[in-house]
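Have the sequence and the 3D view ready.

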Amino acid sequence: MKSLLFLVLISVCWAQHHPDNSSLEHERIIHIQENGPRLLVVAEQAKIFSHRGGNVTLPCKFYHEHTSTAGSGTHKIRVKWTKLTSDYLKEVDVIVAMGHHRKSYGNYQGRVFLRESSENDASLIITNIILEDYGRYKCEVIEGLEDDTAVVALNLEGVVFPYSPRLGRYNLNFHEAQRACLDQDSVIASFDQLYDAWRSGLDWCNAGWLSDGSVQYPITKPREPCGGKNTVPGVRNYGFWDKDKSRYDVFCFTSNFNGRFYYLIHPTKLTYDEAVQACLKDGAQIAKVGQIFAAWKLLGYDRCDAGWLADGSGRYPISRPRKRCSPNEAAVRFVGFPDKKHKLYGVYCFRAYN
């Protein structure tokens, strides 16, 4: 060890007395390892798919370089899982484990565990997945002064839909947009989710908030009012705007649900208040916008009858385009926000399963 340190010292002194070679020496990095092989953390899969209500395992294992051993035995192993925010500016604690001690945080409490199928297994199990679980997770393993990380993305099967309130187009700041999505059984969509929806054919000319605070919109059929007819298809980006003062629509994301979505067969058409009561009388609640989109996209629900939804809008889902029922495309058709006291419609209900 003394001879090695002596050689390093000679190298440093030589560099100091030869300024012409300083750039070369600046790029040379000398690693001196005194405690054996380096700690490595590996995720066998970089992306995992699941759905709301399901269970999932995010893989993570740790080794020492050029060996099959999990730890040196000198220090206790500390495992920490965090969720990366969409802007990567901070991390949200999920679970920390060291020895026999475990601590989970926030809405992960009671839903997350380490798999520990072997002594080097730090994989994270998430149960009863919720929409907010979507995102990228970091597995960090620490042993003494060594640590390494791996990142795993959790993607959820679902549908992105544009949303604007009764007040009309461009009336939501970022915080109101988040609440609007939550009120409709959804969360504000990420850029990746909007991009995947665009690749699947989503075309919408109104700009909306995304979870990272940006404002964007997807165009598959370029046209004059939507960026120009000579532009290429893509996701148009307005950039980042003031979350308190700027006002746009929002893109929401929802996944499958644990319940039954249905059109209530009723002898008469209903006002909004009558529709709410009719669903309650049937042991259900008036359905939300996210639920009609999930039923349409994920279950193929098809009904050519406009019906009330919880936000006071009238909509109907068409998965089989036909004459008088969205002849050109499969879609959830929007008929507006009718007068709640005088307009008569059917109603879509949702009954949750216990």
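Predicted model: local features only at pLDDT ≥ 70, side-chain atom pairs only at ≥ 80, totals over all residues.

Residues are numbered from 1 along each chain as its sequence is written, and side-chain values use heavy atoms, with hydrogens and water left out.

Let's begin with the overall picture. Of its 354 residues, 45% count as buried. Here buried means under 20% relative accessible area, exposed means over 50%, and partly exposed lies in between (1.4 Å probe, protein chains only). Among contacts with a separation of 6 or more, 60% are between residues 24 or more positions apart, a contact being heavy atoms within 4.5 Å.

Now for the disulfides, of which the structure holds 5; each is a pair of cysteine sulfur atoms within 2.5 Å. Counting bonded cysteines along the chain, the pattern reads 1-2, 3-6, 4-5, 7-10, 8-9.

One of them joins Cys60 and Cys139, with sulfur atoms 2.0 Å apart. Cys60 sits in the loop between strands E3 (56-58) and E4 and Cys139 in strand E10 (residues 135-143), so this pair ties together parts 79 residues apart in sequence. Cys60 is buried at 1% relative accessibility, and Cys139 is buried at 0%. The torsion about their S-S bond is about -70°, so the link is left-handed.

Another disulfide connects Cys181 and Cys252, whose sulfur atoms are 2.1 Å apart. Because Cys181 belongs to helix H3 (residues 174-183) and Cys252 to strand E17 (residues 249-254), the bond ties together parts 71 residues apart in sequence. Cys181 is buried at 0% relative accessibility, and Cys252 is buried at 0%.

Next, look at the link from Cys304 to Cys325 (S to S 1.7 Å). Cys304 counts as partly exposed at 29% relative accessibility, whereas Cys325 is buried at 7%.

Finally, the salt bridges. There are 16 in the structure, each with a side-chain nitrogen of Lys or Arg within 4 Å of a carboxyl oxygen of Asp or Glu.

Where do the partners of the salt bridge between Asp282 and Arg351 (3.1 Å, N to O) lie? The two side chains meet in this bridge, with Asp282 in the loop between helix H5 (272-281) and strand E19 (285-286) and Arg351 in strand E23 (residues 346-352), so parts 69 residues apart in sequence are tied together.

Glu44 pairs with Lys61, the closest N and O atoms being 3.9 Å apart. Glu44 is exposed at 55% relative accessibility, whereas Lys61 is buried at 19%.

Arg303 and Asp305 also meet in a salt bridge (2.7 Å, N to O). Salt bridges that share partners join Asp302, Arg320 and Arg322 into one network.

How values were computed:
Helix = DSSP H or I, 4+ residues; strand = E, 2+ residues; numbered from the N terminus.
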